[in-house]
Amino acid sequence: DTYTYGGGGQGDGYGYQTDYPPQDEDARSDATEGHDEDDQMYEGEYQGIPHPDEIKAAQRAARAEARKKARSAGEEEEEQLPEQYENIMEDCGHGRFQWTLFVVLGLALMADGVECFVVGFVLPSAEKDMCLSNADKGMLGLIVFVGMMMGAFVWGGLADKLGRRQCLIYALAINCIFAFLSSFAQGYGFFIFFRLCSGIGIGGSVPIVYTYFSEFLQMDKRGEHLSWLCMFWMFGGLYASFVAWGIIPHYGWGFSIGTEFQFHSWRVFVLVAFLPALAALIGLFFMPESPRYLLEVCRHDEAWMILRQVHDTNWKAKGEPERVFTVSQLKMPQENQEDEFIEIQSETGTAFQRFMVRQVTLVKQVMKNMMSLAGPTMRLNGLFLAIIWFTLAFSYYGLSVWFPDMVKYMQFEEYESKTKVFHREKVERFHFNFTLANQVHKEGEYIHDRFSDMEIKSVKFEDSLFENCYFEDVRSTETFFENCTIKNTVFYNTDLWQEKFIDCRMENTTFLHPKKGCHLNFEEENDVLIYMVSFLGSLAVLPGNIISALFMDKMGRIKMIGGSMLVSAGCTFFLFVCFSPGAVITFQCLFYAASSAAWNGIEVITVELYPANKRATAFGVLNGICKLAAIISTFIFSKFVGITRIIPIILSFAALVCGGLLAMKLPETREAILQ
């Protein structure tokens with residue numbers, strides 16, 4: 001189970017290093033001419049600062065001593081592979097390659113953040129464009145999380161069998177295709193199906209991105225740089241908020257083909273929203289597969305070439321191209337006999353039979369890998385992680401829905417408190433050509449009146465009489481006629497149609513060229529405050545991300561998760577004293593800032609607790625549990641808006657406290673080597 005590289009192609013090894021032949025003394029590079037290596041001194045030596053190479057050598061010596069003790073205690077020799085891989089990543093260094101991969105995977109994570117906001121921003125417009133009922137609106141809001149939950153389970157499991165890069169390419173491609181199609185879907189059925197498929201695609205980004213990136217990081221860089229990577233989810237929220245703010249209110253940014261095909265501004269936003277996923281998809285074609293995955297599936301030659309590519313890319317960028325990748329042997333896990341038997345089966349029979357054997361086998365392997373997460377060695381930590389993921393997601397996503405809905409409800413209450421009420425007014429032969437807004441007219445009489453070229457917003461006529469009246473070019477929003485009598489009246493080119501008249505009696509009433517369907521006053525309905533709340537909430541994550549990145553390796557993962565969740569619980573408790581939209585927005589920002597460190601910590605420790613052959617699977621299962629908590633909490637919290645704030649606050653507070661205290665039971669992994 002050891003493969004040797006080097007030796008100029010001689011012996012039993014692979015001759016990958018023949019382009020680095022030994023050089024004679026007279027053939028040295030001009031860059032080293034005139035320098036005596038024995039006389040060179042590290043500039044920090046004068047101050048007693050150890051050289052970085054000395055630090056790495058000491059760390060390796062300590063790990064070798066621990067490994068020696070483990071072998072003497074009877075531990076299997078297979079544990080040498082993680083040690084060797086860590087040493088190789090230290091030799092490769094952290095440089096241009098990791099930063100390039102950081103940007104590409106960050107765009108994939110940014111696409112996940114955008115996906116969580118898209119439906120929330122387009123729903124006020126789409127519900128009118130597609131005439132959605134309350135049940136349809138609720139389903140559309142939840143369907144994205146359902147798709148992301150399914151995608152997390154599927155892609156996480158496949159990434160351990162097919163590869164991190166390959167599965168992430170498939171997932172992002174599915175997201176891009178169906179996000180593009182959803183922007184053109186005219187019916188509710190097609191739109192919700194395309195958003196479901198889009199969610200299934202992007203659901204694989206989070207479990208694969210963290211697994212993929214962590215396997216290119218050395219131990220002392222892992223916590224910090226995975227935390228920096230989390231900032232791209234914040235960038236996704238900022239991007240979605242900013243683009244929605246700039247596009248959706250402009251109703252004229254679109255086109256129509258007859259009356260059957262409409263492409264309004266919210267569809268333009270859906271089209272623009274999938275650009276981060278497209279950019280990440282293109283970038284992934286230039287990135288290699290994870291060598292740690294390749295070693296697990298015994299593709300040792302490819303892994304060696306990629307590790308050498310990482311080494312050469314980093315050291316050339318640092319101005320040291322003469323450094324040689326000196327690894328000659330790679331420790332490998334033993335090949336599974338079951339996999340060999342499956343390979344033999346997959347090479348027999350017809351093409352269709354071989355295809356079916358491979359697919360059935362793949363499903364069985366993924367399911368077996370998922371079931372192994374409940375094994376004795378991983379069961380307890382897995383249960384703790386599942387509870388922490390669930391409690392954190394339950395509070396975060398539930399309050400993410402509750403905050404903007406609560407702000408809108410407070411605005412509505414304030415607006416409703418200013419409603420003007422008119423009793424028994426009688427208006428004859430009057431021309432209404434101005435806006436009527438926020439009014440209630442009771443038992444009024446309108447005779448020979450003309451209503452033309454006007455807007456009627458949030459107006460209600462109760463028990464009123466309209467006789468010999470004429471309505472022309474009238475646009476209405478939240479306007480209703482209840483228990484009214486309408487005689488000898490004409491409605492020409494208006495959106496006043498059957499659903500606007502409740503228990504009304506009509507005599508000799510005519511509707512000419514009515515505007516059927518649902519219509520929307522975009523300037524009023526898409527209030528900038530909706531986008532401002534989301535923008536500020538996303539921006540508030542920045543301080544928490546910076547703090548967690550700087551202190552993740554100093555404080556440790558456990559203290560970061562537990563402390564962040566307990567502080568977040570304190571922020572939710574103060575929501576009891578919020579009685580204005582400004583106060584709710586302030587504590588929303590504080591909650592997001594405090595909880596971001598917990599998200600970073602739980603994602604880092606999830607990567608570090610599981611071995612390479614189960615890492616993406618475990619992350620996918622836990623992320624799927626996270627999305628399940630999001631579905632449950634958004635459904636529950638939305639039901640209490642306008643009824644009571646006590647239950648959402650108590651539920652969030654209790655969940656965060658339980659999760660924060662339970663996090664203290666997890667093992668600390670900041671000095672652990674990826675297994």
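The structure is a predicted one, in which local features need pLDDT of at least 70, side-chain atom pairs count only at pLDDT 80 or more, and totals for chains, interfaces and linings use all residues. Residues are numbered from 1 along each chain as its sequence is written, and side-chain values use heavy atoms, with hydrogens and water left out.

Strands (E, at least two residues) and helices (H or I, at least four) are DSSP runs numbered from the N terminus, and two strands pair if DSSP finds at least two bridges between them. Strand E10 (residues 450-462) is joined to strand E12 (residues 470-477) by seven bridges, and the two run parallel. Strand E7 (residues 431-432) also pairs with E10 in the parallel sense, over two bridges, and here Phe432 stands opposite Phe451 in E10. Further along, three bridges join E10 to strand E13 (residues 480-482), again parallel, with Phe481 in E13 as the bridge partner of Phe461.

E10 has another parallel neighbour in E8, to which six bridges join it; in this pairing Ala437 stands opposite Lys457 in E10. How much of strand E8 (residues 436-442) is buried? Five of its seven residues are, so the strand is mostly covered, where buried means under 20% relative accessible area, exposed over 50% and partly exposed in between, with a 1.4 Å probe and protein chains only. E8 also pairs with strand E5 (residues 420-423) in the parallel sense, over four bridges, and Gln439 in E8 is the bridge partner of Lys420.

Next comes an open sheet. Five strands form it in the order E6-E9-E11-E14-E17, with parallel pairing. Strand E6 (426-428) and strand E17 (505-507) are the edge strands, each pairing on one side only. From one strand to the next, the twist averages 5°. Within this sheet, strand E11 (residues 465-467) and strand E14 (residues 485-487) run parallel and are joined by three bridges; Thr485 in E14 is the bridge partner of Leu465.

Now for the helices. Two packed helices are described by the angle between their axes and the distance between the axes. Axes are lines fitted to C-alpha atoms, for helices over the stretch in contact, and angles run from 0 to 180 degrees between N-to-C directions. Helix H16 (residues 379-417) packs with H21 at an angle of about 160°, their axes 10 Å apart. That makes H16 roughly antiparallel to H21 (angles under 35 degrees count as roughly parallel, over 145 as roughly antiparallel, 65 to 115 as roughly perpendicular and the rest as oblique). The contact of H16 with H21 divides into 22 nonpolar, six polar and one charged residue, with Ala, Val, Leu, Ile, Met, Phe, Trp, Tyr, Cys and Pro counted as nonpolar, Asp, Glu, Lys and Arg as charged, and the others, Gly among them, as polar.

Helix H21 (residues 581-609) also holds Ser596. Is Ser596 buried or exposed? Ser596 is buried, with a relative accessible area of 4%. Leaving aside neighbours within four places in sequence, Ser596 is in contact (heavy atoms within 4.5 Å) with Val541, Gly544, Asn545 and Ser564.

The C-alpha atoms of Ser534 and Gln588 are separated by 9.8 Å, although the two residues are 54 apart along the chain. Not counting residues up to four places away in sequence, Ser534 touches Phe117, Phe121 and Ser241.

Phe121 leads on to another helix pair, as it is one of the H3 residues that meet H10. The axes of helix H3 (residues 96-129) and helix H10 (residues 265-273) come within 9 Å and cross at roughly 165°, which makes H3 roughly antiparallel to H10. On the H3 side the contact includes Val114, Val118 and Phe121, while H10 contributes residues including Trp266, Arg267 and Phe269. By class, this contact has nine nonpolar, one polar and two charged residues.

Stepping back, the chain comes to 23 helices and 18 strands. Buried residues make up 48% of its 675 residues. Among contacts between residues at least 6 apart in sequence, 66% join residues at least 24 apart.
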